[in-house]
Amino acid sequence: MTRAITSTLLSPEAGGPVKRTVLPSGLRVLSQSVPGFRSVTFGLWVGVGSRDEPEQLAGATHFLEHLLFKGTERRDALEISASIDAVGGEMNAFTGKEYTCYYARVLDSDLPLAVDVICDMITSATLTSADVESERDVIDEEIAMHADETSDHIHDLFAEQLWGKSPLGRSITGTPESVAGLSRQQVAGWYRRRYKPSNIVVSVAGNVDHADVVRLVRKAFERHWVTAEAEPAPVRRGSAKPVPTYSGVQVHHRDVEQAHLVLGMPGLPRSDERRYIAGVLHGIVGGGMSSRLFQEVREKRGLAYSVFTFGSAYADSGMVGVYAGCLPKKAPEVLDVIRGELEAIARGNITPDELLRGKGQMRGSVVMGLEDTGAKMTRIAKAELVYGELPTVDEILHRIDSVTLDDVTALAADLYAGAPALTVMGPFDEDSATFTL
């Protein structure tokens with residue numbers, strides 16, 4: 001490839017325009033023009049996440065995300081944050097298990113600034129030894145804070161139980177021990193190997209012109225990453241064998257006032273065509289106040305304040321589960337009710353009214369979830385980076401409307417029939433026999 005190649009992914013009539021340009025370096029630039037907005041969200045996505053780390057580098061991707069805000073050859077940490085604050089914008093980043101994202105939301109007139117700042121961070125981070133040591137302490141604080149948020153921390157413990165020692169089972173942040181063992185050389189090496197143009201997707205949504213976006217991005221990257229020919233784009237994950245999963249019960253003792261339970265099992269990988277059926281099933285089982293579990297556990301029995309279903313989908317694996325928070329003395333009964341409802345749903349006692357509510361909830365979530373530039377930016381980036389397709393909103397709604405009662409029943413039987421894993425946190429003995437499956 002010796003020149004930029006531009007294509008249109010969605011026409012204005014299909015909900016666009018969404019355009020895509022691949023630069024000679026292999027860097028991909030996507031934009032969605034939304035003329036009625038006065039804001040723009042600029043995102044830069046790197047195809048590396050915590051699951052890519054070997055065990056000796058656990059936590060390196062998240063550590064690197066922090067360090068890129070500490071300074072570049074042109075800006076120190078204050079200048080990075082102050083430049084966006086000065087125009088009333090907002091900037092942040094997050095690390096996932098399969099990608100990392102840096103983004104800024106600004107007025108449309110300030111897009112050149114957002115592009116310059118974020119691309120500067122990505123291409124010319126200094127990663128000084130002093131910054132590595134100071135940020136190591138910050139990450140230790142973040143890990144400790146997350147551990148104190150028991151309703152969040154239990155999901156990390158459940159992932160570790162379900163997927164064991166595999167990278168999917170590890171916490172994105174790493175552990176205090178793994179973070180303490182990361183040297184500046186290791187993090188810098190991870191940066192050089194993974195942050196390459198062919199592994200990056202730039203995604204922009206708002207009041208923008210695609211040609212202007214490409215020009216700004218090209219200028220920002222050419223300061224450091226000029227290549228005559230692109231490296232091959234990384235192969236999209238998805239061909240690997242499913243990650244092994246484990247069942248059983250784990251009880252984690254914590255001196256807290258509330259018990260936390262997560263009951264779950266393997267789910268669908270994100271490329272599975274049944275993902276729309278899974279979304280409808282989620283709404284039926286525990287996705288809202290009219291869902292089966294909310295009604296049975298909270299409204300009818302008053303056993304818990306919070307109960308809901310959740311799910312995660314990755315290239316080659318997934319999980320589905322139920323979370324509940326309740327008084328410790330009620331935890332065994334809450335578990336019995338949840339298991340009873342999942343078994344009943346797997347046997348096929350879903351009603352037509354529940355199906356309609358589940359489909360309606362998913363339709364509303366799709367449409368209303370795309371009514372800001374950040375959501376639009378995320379959608380087109382994930383379409384390029386992980387899904388490999390960008391269906392129109394109408395196509396998505398059609399797939400949801402096509403879900404039948406038999407579809408949902410069959411998927412529920414498939415998902416809920418396997419041996420579940422249960423993670424419990426609360427004032428219980430860790431060898432307690434109170435919880436059985």
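Colleague: Which helix gives the largest share of the lining of the largest cavity?

Modeller: Rolling a probe the size of a water molecule over the atoms shows where empty space is left. Here α12 gives the largest share, four residues. A cavity is a set of points on a 1 Å grid over the protein atoms alone where a 1.4 Å probe fits but cannot get out, and lining residues have an atom within 4 Å of a point. This is a predicted model, where local features need pLDDT of at least 70, side-chain atom pairs count only at pLDDT 80 or more, and totals for chains, interfaces and linings use all residues. Residues are numbered from 1 along each chain as its sequence is written, and side-chain values use heavy atoms, without hydrogens and water.

Colleague: Which residues line the largest cavity?

Modeller: Look for Gly283, Ile284, Ser290, Ser291, Glu354, Arg357, Gly358 and Gln361. Both α9 (275–286) and α12 (352–368) give two or more residues to this lining. By class, the lining has one nonpolar, five polar and two charged residues.

Colleague: At what angle do the axes of α1 and α4 cross?

Modeller: Two packed helices are described by the angle between their axes and the distance between the axes. Helix α1 (residues 60–67) and helix α4 (residues 129–148) cross at roughly 115 degrees, with axes that come within 10 Å. From α1, His62, Phe63, His66 and Leu67 make the contact (heavy atoms within 4.5 Å). Their partners in α4 include Val132, Arg136 and Ile139. The residues of this contact divide into five nonpolar, two polar and four charged.

How values were computed: Axes fitted to C-alpha atoms, helices over the stretch in contact; angles between N-to-C directions. Nonpolar A, V, L, I, M, F, W, Y, C, P; charged D, E, K, R; others polar. 1 Å grid on protein atoms, 1.4 Å probe; cavity = no way out; pocket = protein on both sides within 12 Å on 5 of 7 lines; lining within 4 Å.
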